[in-house]
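Dear colleague,

Please find below the structure that I am handing over to you. My findings on its side chains follow it.

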Amino acid sequence: MESLVSTDWLAAELGASDLRVVDATYFLAADQRNPAAEFEAAHIPGAVFMDLGEIVDPTSSLPMMLPSPEKFASRMQSLGLGDGSRIVLYDNSPYKSAARAWWMLDQVFGAHGVAILDGGFAKWQAEGRPVE
């Protein structure tokens with residue numbers, strides 16, 4: 001699987017047993033937006049929400065530091081992401097937070113078969129594709 005997939009590709013693959021679609025939208029506190037609430041209001045069918053603001057090192061005084069491998073693995077398992085899964089990440093954030101999720105999964109913690117949806121949720125919606 002390529003690291004960047006199109007909305008056409010995702011639409012054709014939705015429902016595949018090994019495909020996991022993940023909303024990795026993140027906002028800063030100053031944005032006064034709630035990514036979990038926005039996910040609940042509308043998301044790509046079958047998607048799960050990855051709370052990037054929670055998948056951090058709670059012992060660090062710095063924001064958004066990487067969590068321990070154990071914490072990361074636990075959070076991914078709770079989302080149903082594991083070996084053998086093809087993972088497509090998207091966001092609806094001005095910060096392109098799906099890229100951070102991709103970096104964490106693919107580059108730091110060694111997951112395979114991880115991609116970002118080209119154009120994210122905005123493109124998906126603009127094309128009139130289904131949402132839940």
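Is Glu-127 buried, partly exposed or exposed? Glu-127 is partly exposed, as its relative accessible area is 36%; here buried stands for under 20% relative accessible area, exposed for over 50% and partly exposed for the range in between, with a 1.4 Å probe and protein chains only.

Please note that the model is predicted, so that local features need pLDDT of at least 70 and side-chain atom pairs count only at pLDDT 80 or more, while totals for chains, interfaces and linings use all residues. Residues are numbered from 1 along each chain as its sequence is written, and side-chain values use heavy atoms, with hydrogens and water left out.

Salt bridges

Side chains of opposite charge can pair when their charged atoms come close. A salt bridge is counted where a side-chain nitrogen of Lys or Arg lies within 4 Å of a carboxyl oxygen of Asp or Glu. Eight salt bridges were found in the whole structure.

Glu-127 is the partner of Arg-129 in one of them, with 2.7 Å between the closest N and O atoms. Through shared partners, salt bridges join Asp-8, Lys-123, Glu-127 and Arg-129 into one network. Arg-129 also has its charged end over the ring of Trp-124, 5.6 Å from the ring centre; the criterion is NZ of Lys or CZ of Arg within 6 Å of the ring centre and within 35 degrees of the ring normal.

A further salt bridge joins Glu-54 and Arg-75, whose closest N and O atoms are 2.9 Å apart. This pair links distant parts of the chain, 21 residues apart: Glu-54 is in the loop between β3 and α3, and Arg-75 is in helix α3. Helices (H or I, at least four residues) and strands (E, at least two) are DSSP runs numbered from the N terminus. Glu-54 is partly exposed at 30% relative accessibility, and Arg-75 is partly exposed at 27%.

Arg-33 and Glu-38 form another salt bridge, with 2.8 Å between the closest N and O atoms. Arg-33 is partly exposed at 37% relative accessibility, as is Glu-38 at 28%.

Aromatic pairs

Rings of Phe, Tyr and Trp (its six-membered ring) pair if their centres lie within 6.5 Å; planes under 30 degrees apart count as stacked, over 60 as edge-to-face and the rest as tilted. The count by this rule is three aromatic pairs. One of them is tilted, because the ring centres of Phe-39 and Phe-49 are 5.7 Å apart and the planes stand at 35°. Phe-39 belongs to helix α2 (residues 35-41) and Phe-49 to strand β3 (residues 48-49), ten residues apart. Both Phe-39 and Phe-49 are buried.

The rings of Phe-72 and Phe-109 are stacked, because their centres are 4.1 Å apart and their planes at 15°. Phe-72 is buried at 4% relative accessibility, whereas Phe-109 is partly exposed at 27%.

Nonpolar cores

A nonpolar core is a set of buried Ala, Val, Leu, Ile, Met, Phe, Trp, Tyr and Cys residues joined through side-chain atoms within 4.5 Å. The largest has 17 residues, of which Met-50, Met-76, Leu-81, Ile-87, Leu-89 and Leu-105 touch the most other members. At least two residues each come from α3, β4 (86-90) and α4, and α4 gives the most, with five residues. Another core, apart from this one, has 15 residues, including Phe-39, Ala-42, Val-88 and Leu-117.

Yours sincerely
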